Amino acid sequence: MVVILTLSATHLSQSQAATDDPVVTQAEESPQNWPTHGRTYNEHRYSPLNQINTETIGRLKLAWSSNFDTNRGQEGTPLVVNGILYATTNWSKVRAYDGASGKLLWSYDPQVPGPSAVRGCCDTVNRGAAYWNGKIFVGTFDNRLIALDAKTGHKIWEVDTIPKDAWLGDIRSYITDGAPRVAKGVVMIGNGGAEFGARGFVSGFDAETGALKWRFYTTPNRSNQPDHAASDAPLMTMAYRTWGPHGAWIHSGGGGTVWDSIVYDPQTDLVYLGVGNGSPWNYKQRSDGIGDNLFLGSIVAIRPETGEYVWHFQETPQDQWDYTSTQHIMTADLEINGKKRHVLLHAPKNGFFYIIDAQTGEFITARNYVPVNWAKDIDPVTGRPNIVPDALYSLTGKPWAGLPGDLGGHNFAAMSYSAQTGLVYIPAQQIPMVFTPDAQPLKHKGLNLGISMQGLPDDPAIRDGFLKTLTGWLIAWDPKQQKEIFRVDHKGPWNGGLLSTGGNLIFQGLANGEFHAYDARNGADLFNFNAQSGIIAPPISYEVNGKQYIAVETGWGGIYPLLMGRTALSSGWTVNHSRLLVFALDGTAELPPQNDRGMIPVKPPEQFDAQQAAAGYQLYETFCQVCHGDNALSGGVLPDLRWSGAIHHMAGFQNVVGRGALTAYGMARFDDILSRQDIEKIRQFLIKRANETYAREVAARANPQNIPQGRAITE
Ligand SMILES: O=C(O)c1cc(C(=O)O)c2c(n1)C(=O)C(=O)c1cc(C(=O)O)[nH]c1-2
Ligand SMILES: [Ca+2]
């Protein structure tokens, strides 16, 4: 009898622990922790801690730092639970530190295979882990969801999140880089891949066992059959008829990947999914120019325990601009027009700031937070954009210069909301994009966008003109008035995410490697630290033994420098140094001496075949540009191929590009899609570009620092 009683008591506490973890669900009451992606379920990224404040900020110094072993883009939000800091890094690795001393307690490497790098658009980044009931959950770039013991880093369970037998289109180019979220004992994770060909979905797994609980697809099944998933009813009765039944989506899967924001709201008991763009981008090609294509560019609300559909709101119908709605979603209680409302706050890529009723999905208001030219405005009643006809480039067949561009008015960099100031802080940007329709047949590897991937010509006038349009701002936005209150002008776009604190401060790392604190009330610049590498990650704050800390990952990367190359360095020269930096009042640590030389120009072979090089340019822009930069100018993260030893010898280049000699480092092998002749054309193009630019690069470095300066940075 006694035994049975003990057993059932244990059982009871286990099952309670599984569906509730006060560390997460009552995070409001523990300001010392940062236990979920946005600190609290409302995703405000606000820390009430106020030891570091507008008065004491002058004493803020580096307390400790730790080098990562992956010098690529770092986008992670560290978690902190009871003094232990859990950071995720590029290649989906996890590290646990003593939050006060910086001592590394354990590290975990999921051994993501190098070749998976090429299945995603945007660097092998990772945005963070989730914590629940003594476990750390991480999604890996090769789509596993792994539960680790938070104390030891030992693996408890692992699942493949991609179902083998489901209809996912023919290309199935999945990657996972978003942070999982946990609610009511269910771990939720989505994926990316819509630029290549993927059907978006989110899965919910039992946090204790890893057993699949539900799956929700965001685009219809091509034959309108049930997937035997939570999404069956809304897809079959509502979404399918918003797609052209014969468009290219029936091969690509349609897109709609949920690669970043997944938010649980305890007040409504709903989970909000931020759904991504169409695949291919070209709407005419994707859907025969028919329909709104649900649930692309939408927020979809579902139930955490079952995945059951509750409501959706589509922000970008007929998407053809990569206008994802995956961006950071927050919940908040605001008084709007004299009425208290529980709402979602959202600044998706499309440039409008939306306020939506959290319970019903009812549209409340939207106003552009950056310059916008694709839509005249948003209909105040329906919330539907009044799209400018020329913006529908896939229908007109004519190139169109879009604002925002494909990288959005705001991308993955997290926002922050301070209830103290009532302001939402948006890491906003302007990176225009010319969309030129080109409906090539879908490939099974490489970008499948249905638009031309031609980049900028190497013409100083055109490059300078484009550079002038590149901007970045920290925008302080009053959601009640839907109005900008102040802004901080940055040197360029692609800056880090935001943190606001009870000390009336906002913290942000910048593309040029500076880490700043600003006054949350007026934007006054109160702190500037040279972090030695561009920052794209969001800071957090926590407390151990009565001391407040600010932590941020450094490491320049993400899609912008990979794709745009040197143009992306418009904020200043930066080299990737991937680290965790932790600050406190009166800290005494220092960074090692700065090394900013990056990839040094190497004299290229002198001869090349001009005709082959010209053909090689097109191939390069289709297959290589997305990582090594437009027109063979690297953006400071992955190797600059002009200076690579591999271009000196035909056989060596074939080994790397064709046969995969460097797959362990994330360089794909292309012999399944490129012939030996094609690969040689790319080599000829690289030799040509190296010859065209060698002298000017050497001249640009003729200074004591030995780094390009001024205008030479972006050449
Ligand atoms: O459509 C997709 O599946 C998808 C995935 C991802 C991703 O998972 O990183 C990005 C995007 N799209 C995207 O459009 C985008 O601008 C982007 C930027 C980044 C990044 O980490 O730098 N990822 C992504
Ligand atoms: Ca995308």
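Student: What makes Lys 349 one of the residues in contact with Asp 322?

Tutor: Contact requires heavy atoms within 4.5 Å. With neighbours within four places in sequence left aside, Asp 322 is in contact with Glu 195, Asn 277, Trp 281, Lys 349 and Asp 406. This is a predicted model, in which local features need pLDDT of at least 70 and side-chain atom pairs count only at pLDDT 80 or more, while totals for chains, interfaces and linings use all residues. Side-chain values use heavy atoms, without hydrogens and water, and residues are numbered from 1 along each chain as its sequence is written.

Student: Why is Asp 322 called buried?

Tutor: Buried means under 20% relative accessible area, exposed over 50%, and partly exposed in between, for a 1.4 Å probe and protein chains only. The relative accessible area of Asp 322 is 5%, so Asp 322 is buried. Asp 322 lies in the loop between β20 (309–314) and β21 (329–336); strands are DSSP runs of E with at least two residues, numbered from the N terminus.

Student: How do you know that Asp 177 makes a polar contact with ligand 1?

Tutor: A polar contact is a pair of N or O atoms within 3.5 Å. A polar side-chain atom of Asp 177 lies 2.6 Å from an oxygen atom of ligand 1, and therefore the pair qualifies. A side-chain N or O atom of Thr 257 is also 2.6 Å from an oxygen atom of ligand 1, and a backbone N or O atom of Gly 193 lies 2.7 Å from one.

Notes:
Chains lettered and ligands numbered in written order. Helix = DSSP H or I, 4+ residues; strand = E, 2+ residues; numbered from the N terminus. Polar contact = N/O pair within 3.5 Å; in protein donor to acceptor, adjacent residues only side chain to side chain.
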